[in-house]
Amino acid sequence: MQILKLGQMMGGSNAPRAFEPTDISSLQLWYKHLAGLENYDGETDPDDFIDGDLIKWQSQVGSNLLDNDQNWNRPIWNVSKMSVDINNITFYEFTSNLSLTGDFSFCFSVQVKATPSSDGLLGSSSINMFEIEDNNTFAFRAGGSTEVTITHASETLAADNWYTIIANRASGTLSVYVDGGGITNTLWGTATDSDTFAVETVGSWNGDSQNLNGYIRDLSHFNAALSSSERANMIAYINNY
């Protein structure tokens, strides 16, 4: 008969630790749900935020901050969703822009407010990067390249569902995986683009246009394409909020 120690019975130090993005060695940025947030009044506890608070978001890894010098365009807080509201007209800027020349991955926890239509997730002032083009299509555009799209033949995204969206590039092959709203860790499709992706903004497809009409509650960036097991762990982590 196995005898459990008290710490094991009580979920103490011997209990297994839950997976977090920091367990993946290629993690570069992690904008964690309910962490690293600060409103316009300098408060940092989300329980103190009110609807409409202007929100900054600090990465849990490194020093990159999501902010916006144009305060009236900074994303706001939504109390009922306990998440950042991109609000269709607002966007974030990285304090240090990203230049992606090789493999990468981004993992979003996102909810759209209406049927998607050019809802930007990543962009810059001049170069489009990644958007939800419509309810079954994602689009990428790197510097100097034409747009490439990834469309699913039967699955669609709908309003008011939380989705985990993972965008990967491995050796020039782009792929998108989606989980949520009745969709289970599904490969949306693939496309090819080896050009450099310049990323300056979150929630915007191209500077201050074609913005996300929805909410973001978690975002992480990796400098390698996630493996199948890493994708599964990220999806489980987000689903365990």
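This is a predicted model: local features need pLDDT of at least 70, side-chain atom pairs count only at pLDDT 80 or more; totals for chains, interfaces and linings use all residues.
Close-up 1. Residues are numbered from 1 along each chain as its sequence is written, and side-chain values use heavy atoms, with hydrogens and water left out.

**Close-up 2. The edge-to-face pair of Phe140 and Phe197.** The ring centres lie 6.3 Å apart, with 65 degrees between the planes; rings of Phe, Tyr and Trp (its six-membered ring) pair if their centres lie within 6.5 Å, and planes under 30 degrees apart count as stacked, over 60 as edge-to-face and the rest as tilted. The pair links distant parts of the chain, 57 residues apart: Phe140 belongs to strand E11 (residues 137-140) and Phe197 to strand E16 (residues 197-202). Strands (E, at least two residues) are DSSP runs, numbered from the N terminus. Both Phe140 and Phe197 are buried.

**Close-up 3. A cluster linked by ring pairs.** Its members are Phe104, Phe106, Phe108, Phe130, Phe138, Phe140, Trp188 and Phe197. The structure holds 14 aromatic pairs.

**Close-up 4. Arginine charges over aromatic rings.** The charged end of Arg217 sits over the ring of Trp162, 4.2 Å from its centre. Arg231 lies over the face of Tyr177, 3.8 Å from the ring centre. A charge sits over a ring if NZ of Lys or CZ of Arg is within 6 Å of the ring centre and within 35 degrees of the ring normal.

Key: Helices (H or I, at least four residues) and strands (E, at least two) are DSSP runs, numbered from the N terminus. Buried means under 20% relative accessible area, exposed over 50%, partly exposed in between (1.4 Å probe, protein chains only).
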